[in-house]
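Hi everyone, thanks for making time this morning. I'd like to walk you through one model, interface by interface, and then stop at a few backbone details. Here it is on the screen.

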Amino acid sequence: MPLLLKQIAPPEVPLEADNITPDRITGQTPAGVEKLTVMHGNETRRIGDFFRVTGQYDGVINLQGDHLGRVKFIGARMSRGVIRVDGDVGEHLGAGMSGGAILISGNAADWVGPEMSGGRIEIRGNAGHMTGSAYRGADMGMTGGEIIIHGNARNEVGNAMRNGLIAIAGNSGDFTGVNMLAGSIFVSGELGIRTGAGMKRGSVISLKDAELLPTFDYSCTYQPGYLTLYFRYLTGLGLEIDDERVRGPYKRYCGDSVEMNRGEILLYSG
Amino acid sequence: MSGENVKIVENATCTFCGCVCDDMVLTVDLDQKRITKAKNACILGRAWYAEHYIEEDAPAAMIDGKPASIDEAVEEAAKTLVDAKFPITYGLSDTTCEAQKQAVAIADIIKGSIDTTTSVCHGPSGIAFQGVGESTMTLGEVKNRADLVIYWGGNPAESHPRHFGRYAVTAKGMFTPRGKKDRTVVVVDVRKTPSVPAANQFIQVKPGKDFELLWALRALVKNRKISPNIEEITGVSLETIQALVDKMKNCRYGALFFGMGLTMTRGRHFNSGALIALATDLNEYTHFVAKPVRGHGNVTGADNVMSWQTGYPFGVNFSRGFPRFNPGEFTTVDLLAKKDVDAALIIASDPASNFPQAAIDHLAGIPVVSLDTKATMTSKLAHVAFRTATYGINTAGTVYRMDDVPITLRKAFDSPFPTDEEILTAIKKRVRALKFPKNQAGDKVPPGRASQKEHWKH
Amino acid sequence: MKLKSTEIVDTFAEAFKMWGARVIITAANRQWARAAAQAMTGFATSVIGCKCEAGIESILSPGQTPDGRPGASVLLFAMDKASVGKRLLERIGQCVMTCPTTACFNGLDGDNAVQVGSQLRYFGDGFQGSKKLAGRRYWRIPVMDGEFVVEESFHVQASVGGGNIIMLGTDEKKTLAAATAATRAMAEIKEVILPFPNGVVRSGSKVGSRYKTLPASTNTAYCPTLKAVTDSSLPPDVNCALEIVVDGLTETAVRDAMTAGIHAAAKPGIRQITAGNYGGNLGQYKINLHELLAD
Amino acid sequence: MPETMLLVPGRSSKQGTSLNKGKFEDEYQEITSLVEMNEEDMVRLGFNNGDKLRLKNPVGETIVTCKSKKATDLPHGMIFIAYGPGSSRLMESDTAGSGMPLSKHLPVQVEKIG
Amino acid sequence: MTECLQLAGGKVYDPANNIDGDIKDIYIEQGRIVETPSATPRKINVSGMAVMPGGVDIHCHIAGPKVNLARKLQPEDHRLDPHPGTEQTRSGVGGSVPSTFATGYRYATLGYTTAMEAAVSPIGARHAIEEFHDTPVIDKGFYVLLGNNIFLQQLLREGRKEEFRHAVAWWINATKAYTTKLVNPGGDEPWKGKKNSRVGNIDEKSDVIEVSPRQVIDAFIGAVNELGLPHPPHIHCNNLGHSGNFDTTLETMKTAGDRRVHLAHIQFHSYGGEPGKNPKSASRQIAEYVNSHPNITCDVGQVMFGKSTIMTADSALAYTLRGFKKAKWVNADTECESGCGILPFSYQEHIYVHALQWAIGLELFLLSEDPWRIVLSTDHPNGGSFMNYPKLIRLLMDREFRKEEIKRVNQKAVKRTLLNELDREYTLNEIAIITRAGPARALGLKNKGHMGPGADADITIYDEMEDKEAMFNAPRYVVKSGNLIIENHEFRRDYTGKFLHTEPGYDASIVDQVKPFFENYYSIEFDNYAVDDSYLHDHEVIASSP
């Protein structure tokens with residue numbers, strides 16, 4: 001039986017709920033969980049002021065409610081267990097998480113999994129800007145783990161990403177993979193502009209054609225061996241990828257030439 | 001009688017734009033309380049001074065549109081702010097550093113957010129700075145040394161009219177004794193602005209392709225390849241780009257100035273970042289600097305005060321009892337448009353007239369405290385509205401020029417209205433008293449450098 | 001005891017502890033996968049002379065490989081972990097990376113791993129890159145037909161080498177036929193390989209030699225031509241003996257393979273099926289033939 | 001069919017000087033609702049100086065007055081307006097994690113009214 | 001609101017008054033230490049605790065334009081180290097470049113009550129003073145950067161020594177500085193004007209200014225000593241960080257002859273080896289020269305492993321360092337005066353050069369014979385944050401701890417130093433000298449660094465502990481100017497602290513010389529340049545004695 005947090009009152013201002021993680025609630029009774037603090041704007045409040053907590057933690061926390069889109073930092077720094085959210089979520093979902101899984105049935109706001117190092121986040125709906133990215137000023141974003149977005153993501157997906165996997169079934173915004181250091185980003189839908197700007201290493205794989213920066217140079221059209229591994233893996237996670245795209249071929253562009261020039265953008269060219 | 005009681009103020013500082021020219025010679029008619037002449041001022045500065053008059057009969061404070069005493073209004077403002085769970089303080093570019101310091105203190109005490117007009121001006125350049133740094137300079141270095149000056153995405157002829165003459169184009173300096181003759185000036189823009197005639201070369205880039213052009217320049221500076229269809233992408237031919245690269249690499253001291261053509265268009269901070277990175281790259285070959293051409297008088301001061309007090313230049317939130325920074329989350333347009341905030345303190349700015357409509361709509365629905373020298377759209381919708389003295393004309397204080405050089409203001413004549421610093425200091429004292437009723441001995445830090453202490457009880 | 005007309009000698013095969021790895025080779029089609037696998041397992045009959053023993057475990061269909069392409073599974077054994085690593089590096093580098101369209105994956109789980117891709121990557125001259133997926137790292141090395149994908153580390157596990165059966169027949173033809181039947185049956189068993197040509201070895205050996213420099217020499221007791229001059233183990237009407245050596249990832253697999261081999265080899269014309277041992281003093285495993293048939 | 005053009009709001013000296021006079025004065029209102037357009041575009045679209053145009057995008061709309069600009073000074077398809085309430089109506093509030101709403105290069109539909 | 005206090009029964013370490021751990025009561029009244037108070041004091045029992053004067057940091061970077069740029073540059077560093085406010089104190093952020101409030105409070109929590117910002121360009125003086133106003137608890141002042149001032153160099157070229165001295169004094173008055181600072185003297189012109197080149201040796205004349213670094217150094221040492229400033233020129237020698245630079249350092253010291261001079265962060269200037277190759281330790285040569293020349297004081301600029309921020313007026317150096325990682329980098333040129341370079345940095349145990357730098361700093365401490373002339377510093381935040389001081393103190397006081405730490409670093413580097421042979425352990429009295437009494441004396445601050453009657457009541461009281469890092473990390477009491485700021489480890493009140501500056505005399509007619517230069521080459525008006533008295537909050541002029 002999972003631990004169920006049912007939203008009973010909409011927050012008046014954004015709620016910061018970094019205590020809602022398996023790490024914090026392990027060993028707590030529902031009443032104990034209700035006593036954990038949350039920040040409601042500048043007020044220190046309790047989880048119980050906004051959620052009714054029932055059930056028993058068996059590895060899964062389930063959040064339900066219509067106003068979860070105003071709840072930030074769900075699953076921040078979590079290292080294990082599962083958080084399942086029926087609804088939307090606010091900013092900083094799974095920020096800095098190192099393990100476990102987060103499943104969101106609705107949409108997520110900006111900063112999904114910033115600077116995460118492990119675990120998996122799966123969003124059935126759309127994600128905002130800065131998915132899997134670095135916070136401002138930092139030179140390293142996501143360093144491991146997986147983010148799967150079934151809808152669209154917006155700008156700066158994987159900004160300064162150092163490792164891990166991001167897969168977007170829908171479109172991604174501008175500057176996908178900007179300043180990437182390594183890792184893989186798959187986009188099934190349309191890419192925005194300036195993909196991979198400043199990337200040092202890493203791969204952005206697009207299942208559609210796209211317009212690229214003048215500093216990405218075409219190398220060849222081929223079928224990169226490792227892609228199939230990823231496609232199999234992603235299919236296993238419920239993403240649909242048609243056979244032609246699994247077979248390829250792909251155009252390989254190397255860049256960014258203003259940087260190390262060791263990154264690649266692969267565009268499907270079947 | 002007008003003309004009898006005249007005062008001359010020398011070396012006064014114009015705070016209209018970020019040039020912060022401090023060589024004004026103001027002729028002040030003390031009877032009329034008007035500045036009748038502003039020698040050395042540009043067209044904007046002349047208007048700034050000429051249009052400055054005191055609306056004697058305007059109330060210094062209003063609560064819900066009705067005149068109130070300053071004490072009542074301070075009390076009401078303090079209550080409004082202390083009651084809020086997520087108050088935002090915004091504006092601050094058109095006021096002194098002394099007032100800005102008080103505003104940050106208030107935000108700290110009430111655990112709110114604080115943001116300045118930087119966020120909708122060169123905020124993206126600030127983000128870029130945090131990512132790539134910047135090779136930069138004070139404006140006197142450009143005047144003394146620069147033999148190549150490039151303006152990108154800005155129109156100083158209209159926004160900063162004395163930038164050319166005083167600092168960067170015709171200015172004569174140590175190694176540029178002949179002024180314009182000793183330097184090459186290039187303007188890059190999407191349209192032929194009134195700044196173009198001042199330049200030796202105009203490069204017209206396709207709208208929205210600044211980043212691509214800057215990126216191509218960076219690649220060529222590093223002797224890397226770029227796509228052959230660069231002209232098709234950017235509207236600028238490869239020959240032109242290569243020639244500019246050669247010019248940049250071979251100059252003695254190059255300067256890149258950039259405007260909101262970069263920060264306000266798609267790409268935002270990456271556009272600024274590309275330009276800054278280009279200047280950085282060029283230091284491999286010669287000395288090169290870059291600088292955003294910043295706007296309102298003391299917006300740079302706001303950045304500086306915020307940075308030293310909180311560690312961050314704008315978009316700061318104190319709700320957890322310490323400063324946090326995150327543009328897009330704690331910046332004002334976002335906080336308003338996402339309906340996150342429940343009260344606002346707006347200082348010397350008019351978001352109700354120039355923000356996106358969604359943000360204006362939320363502002364209209366929450367209690368607002370405003371401080372401004374004139375009636376604005378924001379003061380009209382404010383719950384508590386203060387009318388304050390104009391900085392640099394009716395107040396002393398400190399402002400920072402766009403290149404971080406601090407300059408002292410000289411007051412030309414008195415205003416019947418209190419200064420921003422005075423009102424904010426009073427609000428700070430009241431919010432502290434309301435927030436920490438048991439700790440009234442707490443304020444051991446003297447109030448900010450008192451720039452003006454007289455007359456605020458009228 | 002007798003199995004059909006063949007006598008199963010009451011003896012045991014003496015097997016050794018070895019370390020083994022499984023390498024999954026995939027390619028654009030089955031021919032290229034097999035070519036790489038064959039090359040990789042060539043000259044790998046005996047640790048004595050080849051430093052490792054290797055063979056093709058099975059041919060894999062697209063559904064059975066990590067990247068969904070046709071493939072082959074190769075097992076490679078050596079006496080210690082480090083040697084397995086060295087041999088994999090040499091053989092994957094020389095036989096798989098060189099072969100068009102191939103990719104190369106680790107086929108085992110476990111706690112012990114040797115580094116392969118992370119060493120081979122230097123062939124990429126700085127242009128190599130890696131991908132980490134589900135906890136495993138794959139190196140991508142640019143080559144002339146695209147890129148060679150090879151997994152960073154390969155697991156090795158304690159294994160069993162030197163399982164064997166020896167068929168003693170009345171003539172060469174019948175003995176060869178029995179050996180062939182036995183190898184076919186044994187190839188069906190998972191987790192084992194038969195390292196010798198077509199699975200069969202004729203030059204069985206004994207420990208030691210009259211020449212000081214040689215550690216082993218021909219197994220005189222089973223050479224029919226020496227019956228008259230040595231203390232022979234061959235019955236009078238036996239004129240040909242052949243051995244099948246089997247290496248496996250587990251003892252069970254080796255036993256299963258031997259059992260299958262004995263059953264298939266017990267044919268008319270095969271007088272005895274026996275096994276090689278060294279008196280039980282050298283190997284860690286003693287696989288008794290009668291026990292195999294009793295199970 | 002309304003024409004889609006690229007709106008570039010920016011500063012101008014006149015906007016700056018009129019700002020000093022006051023935002024509720026006619027001059028500021030007038031200057032911030034004046035749109036400059038390439039003269040050849042105007043001919044093509046049948047606009048005259050002083051025509052009232054509606055600028056519209058998914059965010060909102062505003063009514064402006066049209067003024068011609070030499071074809072060499074303003075590219076085809078681009079229109080310029082001084083910052084002000086008019087340009088605010090057309091600005092989206094999303095800032096893409098930057099704090100800055102896109103304030104220049106706004107694609108807008110342009111049509112004559114009246 | 002100062003209190004009348006009796007600090008009763010503590011072990012007093014007051015080396016300036018030859019008190020070394022004696023049990024003694026200290027009385028405080030009106031912000032000063034008194035023999036006997038006139039009122040009944042509040043008695044605080046500090047028996048079993050160590051009572052010391054408040055710490056004095058002679059060289060750090062805590063305020064002004066470059067510091068603020070470095071702050072703005074690193075949100076990622078601040079984010080991980082918030083500094084919450086209390087009802088008494090303002091909030092802020094830490095990291096290697098903390099916000100002003102956090103800077104003041106954190107110095108106080110280490111028992112430091114005075115800190116000197118070591119490099120402010122004249123045009124940025126107003127900015128530094130504004131930041132000081134928001135830097136609580138500690139007293140503070142700054143050294144003004146004049147070593148690359150073009151006007152002053154022109155006077156030197158023309159041999160106008162007298163006017164040079166007046167102009168230096170004018171600049172100190174105009175900026176409200178404490179003394180002069182030279183950074184890479186003569187090095188700005190090659191950097192800014194000659195495509196980022198640098199000075200080789202100190203006798204090389206600039207082809208633009210036609211003056212050599214040695215001439216600049218000599219002139220400043222002369223002028224400042226003649227002006228009688230409480231602290232001599234504070235010199236950051238040329239060639240900082242470059243292999244083989246110890247020669248430049250020796251030449252700089254020789255230029256002083258027997259005149260007073262302070263060498264900043266000498267650790268960074270004690271490298272042997274070939275230029276462009278890996279450095280070696282030359283700490284013995286440097287320490288020997290310093291030991292035998294009582295006119296010289298220095299601070300060490302110890303490197304501590306972990307995050308730091310390179311922040312220096314030596315722009316060329318910052319650019320060189322930038323070359324390693326190509327990460328974010330700031331260069332900021334200041335017209336006619338100076339410039340600066342900034343880059344986030346991290347010292348790592350396993351890196352040869354970093355370990356060598358760490359070891360050289362410790363060697364210098366351990367080889368120095370006169371603790372009064374060597375001051376503890378990390379050149380905050382260049383060698384590491386001042387928050388590392390307690391650990392550094394333990395490294396000096398605890399041989400066993402030091403040995404364990406030595407094992408953790410690059411051994412190739414350690415082998416090239418004497419570190420393993422140096423068994424010296426600093427005593428508490430010596431620590432009191434290198435962190436308080438010595439720097440106060442070097443600064444000419446007669447009322448600081450000791451606890452004799454009349455001294456400023458800046459006092460720190462530590463629980464005596466075996467682990468000296470723990471001890472110096474958490475004073476139980478901190479008294480600043482008679483105010484009990486920290487009591488039982490908790491902040492009890494806020495306090496602004498004083499601004500310290502000097503007002504050397506000069507001939508006012510020098511203004512007629514400076515002004516035309518200004519009008520030609522500066523971008524602000526001469527009359528708006530000098531910092532007026534309205535910027536002074538609680539301040540103290542430290543007398544000059546020409």
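This is a predicted model: local features need pLDDT of at least 70, side-chain atom pairs count only at pLDDT 80 or more; totals for chains, interfaces and linings use all residues.

Let me begin with one pair of residues: Ser135(B) stands opposite Asn331(E), which belongs to strand S18 of chain E. Strands here are DSSP runs of E with at least two residues, helices are runs of H or I with at least four residues, and both are numbered from the N terminus. I'll call two strands paired if DSSP finds at least two bridges between them. By that rule, strand S8 of chain B (residues 133-137) is joined to S18(E) by 5 bridges, and the two run parallel.

Residues are numbered from 1 along each chain as its sequence is written, chains are lettered from A and ligands numbered from 1 in the order in which they are written, and side-chain values use heavy atoms, with hydrogens and water left out.

Now, who touches whom? Contact means heavy atoms within 4.5 Å. There are 6 pairs of chains in contact, and chains B and E share the most contacts of these. Chain C, on the other hand, has no contact with chain B, and the closest C-alpha atoms of those two lie 17 Å apart. Chain C does not touch chain E either, with 18 Å between their nearest C-alpha atoms.

So let's stay with B and E for a bit. On the chain E side 65 residues take part, and they meet 78 residues of chain B. The size of an interface is often given as the accessible area lost when the parts come together. In our numbers, buried area is the accessible area (1.4 Å probe) that two parts lose on being put together, summed over both. For chain E and chain B that comes to about 5,900 Å², with 49% of it on carbon and sulfur atoms. Three residues, Lys72(E), Glu87(E) and Lys195(E), supply 12% of the area that chain E buries against chain B, more than any other three residues.

What about charges? A salt bridge here is a side-chain nitrogen of Lys or Arg within 4 Å of a carboxyl oxygen of Asp or Glu. The rule finds 6 salt bridges across the interface of chain E and chain B. One example is Lys101(B) with Asp134(E), at 3.7 Å from N to O.

Polar contacts are pairs of N or O atoms within 3.5 Å; within protein, one must be able to donate a hydrogen and the other to accept it, and residues adjacent in sequence count only if both atoms are side-chain atoms. Between chain E and chain B, 52 residue pairs are in polar contact, both at pLDDT 80 or more. Our opening strand comes back here: S18 of chain E, residues 329-334, gives the most to the side of chain E that touches chain B, with 6 residues.

Next, chains A and B. The contact takes 40 residues from chain A and 41 from chain B. Together they bury about 3,300 Å², 49% of it on carbon and sulfur atoms. How many salt bridges does the rule find across the interface of chain A and chain B? It finds 11. Among them, Lys338(B) pairs with Glu91(A), with the closest N and O atoms 3.3 Å apart. There are also 27 residue pairs in polar contact between chain A and chain B, both at pLDDT 80 or more.

Over to chain D, which has a closed barrel of 6 strands in the order S1-S5-S2-S4-S3-S6, with mixed pairing. Within chain D, S1 (residues 3-10) and S5 (residues 78-82) pair in the parallel sense over 5 bridges. Pro9(D) has Ile81(D) in S5(D) as its bridge partner.

Finally, some backbone details in chain A. Gly248(A) and Pro249(A) are joined by a cis peptide bond, with omega about 5°. Pro249(A) sits in the loop between helix H5 (243-247) and strand S16 (250-255) of chain A. A cis peptide bond also runs from Gly255(A) to Asp256(A), with omega near -5°. Asp256(A) is in the loop between S16 and strand S17 (263-268) of chain A. And His92(A), although not a glycine, has a positive phi of about 60°. Thanks, and I'm happy to take questions!
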